[in-house]
Amino acid sequence: MGKISKKTLNRVLLRTQGCQFAHNYERMQSLSLTYCISPVLEELYKDAPKELRVKAMQRYLEYFNTHPIAIPFILGIATAVEENTDEEHKDTVTAIKTSLMGPFAGIGDSLLNLTWFPIAGSIGASLCVSNGSILGPIVMFLLINLLYWPLKYFGLHKGYESGMSLVDKFGVEIFDRLGDAANVLGVMVTGGLIATTVKLKTAIEFSFGEGDPLVLQTQLDSVLPCLLPIIVTFICYRLLKKGQGKNSAQIILGIIAVCLVLFALNYYVPGFPKIFA
Amino acid sequence: MIQALLLAIWAGLCTWDQFGPHLGFRKPLLASVGVGIILGDMTTAIMIGATMELMWLGVNNIGAYVPPDVISGTIVGAALGIMSGGDSASAIALAVAIGIPTATLVQQLNILVMTTNITFLHGADKAAESGEFKSINKYFWAGAASFFLTRAVPVFIATGIGSFVVEDIMAFLQNQVPWVLSAFSTAGGMMPAVGLAMLLTMMMKKNMWIFLICGFVLAAFLKVPTIGIALVAAAAAGFYDFVVEGNKKSAQAAATAAPASDEDEEYDL
């Protein structure tokens with residue numbers, strides 16, 4: 001296997017580092033994808049007539065959208081298929097490209113965007129949020145890149161070496177299983193992050209004549225630690241469900257407005273209690 | 001002005017990371033490192049970056065959805081927070097107050113460029129008819145330049161103008177209306193709830209509440225750090241897969257009442 005040299009593949013790898021630069025609403029990654037694959041096309045179509053070269057480019061200018069980290073792998077497979085099909089069977093390239101983009105977009109979003117990035121970010125941030133240590137960003141950078149670069153590099157080269165056989169061997173079911181596993185991982189970490197990252201404490205105190213006032217937060221903590229963060233997260237969750245996730249900006253502004261009003265009342269209106277610490 | 005220019009270039013580079021290699025500089029914590037280097041205050045920059053990282057943890061581009069732009073939000077917020085000359089708590093509160101509207105504004109610019117980039121796509125369509133593979137390159141880079149500018153221009157304007165007035169604004173906030181900064185500080189603490197809730201709307205299905213509670217208990221009661229929870233969660237994910245696949249197999253075996261075919265064995269791979 002392999003008319004295409006490692007060097008050409010590495011040029012593709014370099015170009016896939018800009019795999020969404022020409023992103024647009026009409027055909028998403030198509031133009032960027034054409035730019036990424038063109039070193040391979042140039043080599044395969046070196047002596048081909050103009051009309052075939054036009055067709056080759058048009059194959060990649062079609063609608064395409066998937067997870068960026070999956071692009072090297074998909075292009076690896078596409079390269080292998082390009083090399084092993086004659087001009088009448090080039091539909092296969094498009095078919096494979098199109099059939100892979102959906103599952104990979106799903107798995108990439110749930111495994112990488114929704115799980116790995118938040119995990120890396122929260123671990124990094126927890127190391128430096130209170131002291132500004134450079135260790136935090138370094139750990140985050142390493143967590144991301146020690147996973148992403150092998151995925152990109154070996155994705156492209158293995159994809160090219162084994163072509164479709166790798167996908168055939170594992171089947172499409174593996175995507176569902178990985179997706180479910182990522183879901184479990186993500187939800188569990190999110191459960192932990194609710195407790196560690198959402199910060200909200202009440203400052204309400206009740207004083208009954210003599211003696212120490214009753215501090216509401218201490219009482220709440222003895223019932224359930226992080227009760228207020230849970231409530232806030234739950235309210236946000238309900239609101240987001242209602243607005244189908246498109247109202248996050250309104251919710252953020254709403255939270256700010258509520259805080260501003262409560263703090264202003266506390267500042268200007270005598271006797272108005274301090275609600276939040 | 002030179003600082004504003006450098007910040008603008010940094011914002012453009014972080015944007016390219018978002019649309020390209022995904023090295024991580026599109027996230028607040030790593031974007032803030034550049035601000036720290038340019039403005040010479042690494043500690044405050046990282047503290048602001050970490051706060052915003054947690055605040056925007058769940059803000060992610062899923063599919064075609066364009067989220068608020070955390071890059072410009074972080075860079076403008078952190079830069080002006082540092083320039084304001086306040087103590088770190090006030091700087092963080094100011095950064096949050098400036099960062100959120102910036103992010104929402106630039107989100108609109110991003111949607112605009114995603115639309116105008118269609119012109120370059122059509123240009124590339126025409127160019128492709130020449131049969132020259134290199135002919136589409138300039139349209140590709142035109143798209144890239146547009147994305148670069150969507151963040152670089154607002155960051156340049158905001159930090160350029162902001163640097164002259166931000167100290168006065170900070171003094172006014174601290175002396176005249178101190179409640180504004182406390183309100184933003186509290187609101188900033190609540191922000192992660194929005195991001196996490198957003199993650200959950202996309203991940204909560206089937207029996208996922210079981211794992212949500214497990215994760216919460218590990219953190220709130222047992223004080224396990226995030227990396228520990230992630231490891232337990234990885235084990236739970238493996239176990240979940242094991243159980244679900246086991247159920248599938250026994251259901252299949254019961255339904256067909258026949259020995260497993262070759263195809264079924266592939267599940268083990």
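User: Which helix of chain A holds the place of A:I107?

Analyst: A:I107 lies in helix α5 of chain A, residues 91-128. A helix here is a DSSP run of H or I of at least four residues, a strand is a run of E of at least two, and both are numbered from the N terminus. The model is predicted, so local features need pLDDT of at least 70 and side-chain atom pairs count only at pLDDT 80 or more, while totals for chains, interfaces and linings use all residues. Residues are numbered from 1 along each chain as its sequence is written, chains are lettered from A and ligands numbered from 1 in the order in which they are written, and side-chain values use heavy atoms, with hydrogens and water left out.

User: Why is A:I107 called buried?

Analyst: Its relative accessible area is 9%. Buried means under 20%, exposed over 50%, and partly exposed in between, with a 1.4 Å probe and protein chains only. A:I107 is therefore buried.

User: What does A:I107 touch, leaving out residues up to four places away in sequence?

Analyst: A:I107 touches A:L112, A:F175, A:L178 and A:G179, where contact means heavy atoms within 4.5 Å.

User: Is A:H23 buried or exposed, and what makes it so?

Analyst: A:H23 has 7% relative accessibility, so it counts as buried. A:H23 sits in the loop between α1 (6-16) and α2 (30-44) of chain A. Beyond four places in sequence, its contacts include A:N65 and, from chain B, B:F19, B:M114, B:N117 and B:F147.

User: How many helices and strands does chain A have?

Analyst: Chain A has eleven helices and two strands. Their pattern along the sequence is α-α-α-α-α-α-α-α-β-β-α-α-α.

User: Why is chain A called more spread out than a compact globule?

Analyst: The radius of gyration of chain A is 26 Å, well over the 19 Å that the globule rule gives for 277 residues, so chain A is more spread out than a compact globule. That radius is taken over C-alpha atoms, and the rule is 2.2 Å times the number of residues to the power 0.38. The C-alpha trace of chain A spans about 95 × 35 × 30 Å along its principal axes. Of its 277 residues, 53% count as buried.
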